[in-house]
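Grab a pencil and work through the exercises below. Try each task yourself, then follow the solution step by step.

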Amino acid sequence: MIRWFKPVVFLACLIPLALLGWKAYSGALGANPIEVITHATGDWTLRFLLITLAITPIRRLTGKLWLIRYRRMFGLFAFFYATLHFLTYIWLDKFFDVHEMLHDIAKRRFITVGFAGFVLLIPLALTSTKGWILRLGGKRWQALHRLIYFSAIAGVIHYWWLVKADIHKPLEYGAILAVLLGYRIAGWAGPKLSANKAKSLREPRFEVRQG
Amino acid sequence: MMIKKPADIQSSEITPKSLYLNRRKFLAGAAAAGAAAIAGLSLGELVSPSTIVQADAKIEGIKKSSFSTNETITPFKDVTNYNNYYEFSTDKYEPAGLAKNFKTRPWTVTIDGAVEKKQVLDVDTIIKMAAPEERIYRHRCVEGWSIVVPWVGFSLSELINKAKPTSKAKFVEFTTIEDPKQMPGQRGRVLDWPYVEGLRMDEAMHPLALLCFGMYGDALPNQDGAPLRIVVPWKYGFKSGKAIVRIRFADSQPQTTWAEMSPREYGFYANVNPNVDHPRWSQAKERRLGEFLKRPTLMFNGYDQVASLYTGMDLKKNF
């Protein structure tokens, strides 16, 4: 791929944040700005989680192997928007009321599961560097990073449990996630080591860029 | 660790915009639009449709009411662009646009059930039954946000007295129009349409319960429940049905829409109560639109005068 492409994708990933910033600045966030910020950062967390999870299937299906070079970036952006979402909650929603937050996490199941999904992303973000891949070894690193499956499931459930009546949008996220996870399950359960599969196994599943 | 609790701040200190400033601008706009209409320009060329709905429908002779709060009124643009009106959309920002061409005339309201005589009344007949009053009420949504709205209407009891319910009438049921052609939200089955709400007879007869047809001095905008709605300020907003086409007096408690959809979460009474949480979120605080910090939610939304209606009732059970 062309060299400048990665920075362009990086900047594109910041567009949702830039839009929020611009709307906040120009007073276009509407009647309930904090709600808009909460929903936007939550939506983009889920979208980036799904984009990250889509990389492997798309690579396999299209043979565009270079896509692996974007997976870490998308994953880190999922963590980035999740962090903003979490900060919105503790700052704008709860105003650092620790007691109330602990109460929420213990008592409200949609908060519990959302919080769990966020916490699961932390070790993934921390071990996303080349150094950590080498330190843990590919197999163990990969096993650890399968936590993203649970984080994404938790994210969709979090959304599902918080809507009042219209489950349309969480259902869409859930359907996409089911396809992405289903692809993997089919891969594990399917015929062992077909020619294609054997080939794909030889490809690096994580990016360690040389020099 | 020291965590400073936000002190109670008067809303007037936080919200710089006063409604009346807002309203004057709005009225000036309406006047300008009127002048332009005479000059042969179309209204649509002058004003954005989402902010001025039926700008010519000013209600005359509105009396003030001692029930009004002196809290800062929420800006008109927020109350008309942030609406929970699932008949149009579950997105709060969409009803303003989707309800733009909603037809509110001709409009009739059927009054039936336990009444001396079943009637079908024209909405304009109902509106003239009593003198319009401005009631500036707090309005608390079950989702945890609140607004202060200058509604226009009169006590629901005025209509009920004229409807002459029989001694069998223990409850009143309000039905919202069902018209999927005009209301895109009704084409899906998010809720069991038509929307039905209800009150116990003594609640409905309480002078605070409002039969509402206007706000901010003008006719109700479509997205806020035109042409006729109920406003029950001590209950969560969903109890206040919009676009009412039927008022039925019943001897038993009506099956209401949200209580049917999720009985664990939404009760028939739905009184604003900071001590009874929604199963999924706390009701102890609320965000007043336009304010940064949440404020404590008040019992009965601050309308203590209704407390006697519930003497001896366990409000944790009858939520």
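**Exercise 1.** Work out how helix α6 (residues 109-126) of chain A and helix α9 (residues 147-162) of chain A are oriented to each other.

*Solution.* Start with the geometry: in this predicted model, the two axes come within 8 Å and cross at roughly 155°. Here axes are lines fitted to C-alpha atoms, for helices over the stretch in contact, and angles run from 0 to 180 degrees between N-to-C directions. Helices (H or I, at least four residues) and strands (E, at least two) are DSSP runs, numbered from the N terminus. Next, sort the angle: under 35 degrees counts as roughly parallel, over 145 as roughly antiparallel, 65 to 115 as roughly perpendicular and the rest as oblique. So α6(A) and α9(A) are roughly antiparallel to each other.

Two notes before you go on. Residues are numbered from 1 along each chain as its sequence is written, while chains are lettered from A and ligands numbered from 1 in the order in which they are written. Because the model is predicted, local features need pLDDT of at least 70 and side-chain atom pairs count only at pLDDT 80 or more, while totals for chains, interfaces and linings use all residues.

**Exercise 2.** Find out which residue classes make up the contact of α6(A) with α9(A).

*Solution.* First pick out residues in contact (C-beta atoms, placed from the backbone, within 7 Å). From α6(A) they include A:F110, A:V113 and A:G117, and from α9(A) they include A:F150, A:A154 and A:W161. Now classify: Ala, Val, Leu, Ile, Met, Phe, Trp, Tyr, Cys and Pro count as nonpolar, Asp, Glu, Lys and Arg as charged, and the others, Gly among them, as polar. The tally is 14 nonpolar, five polar and one charged residues.

**Exercise 3.** Over to chain B: which strands stand at the edges of its five-strand sheet?

*Solution.* Write down the order, β3-β2-β11-β6-β7, for this open sheet with mixed pairing. Strands pair if DSSP finds at least two bridges between them. β3 and β7 (196-200) each have a single partner strand, so they stand at the edges, with one side of each left without a neighbour in the sheet. Check one end: β2 (residues 108-113) and β3 (residues 119-122) of chain B pair in the antiparallel sense over four bridges, and B:T110 has B:V120 as its bridge partner. At the other end, five bridges join β6 (residues 171-176) of chain B to β7(B), again antiparallel.

**Exercise 4.** Is strand β5 (residues 145-155) of chain B mostly covered or mostly open?

*Solution.* In β5(B), 11 of its 11 residues are buried, which is mostly covered. Now list partners: eight bridges join β4 (residues 133-140) of chain B to β5(B), antiparallel. Five bridges join β5(B) to β8 (residues 210-215) of chain B, antiparallel too. With β12 (residues 285-288) of chain B, β5(B) pairs in the parallel sense over two bridges.

Terms used
Contact = placed C-beta atoms within 7 Å. Buried ≥ 20, exposed ≤ 12 C-beta atoms within 10 Å, placed from the backbone.
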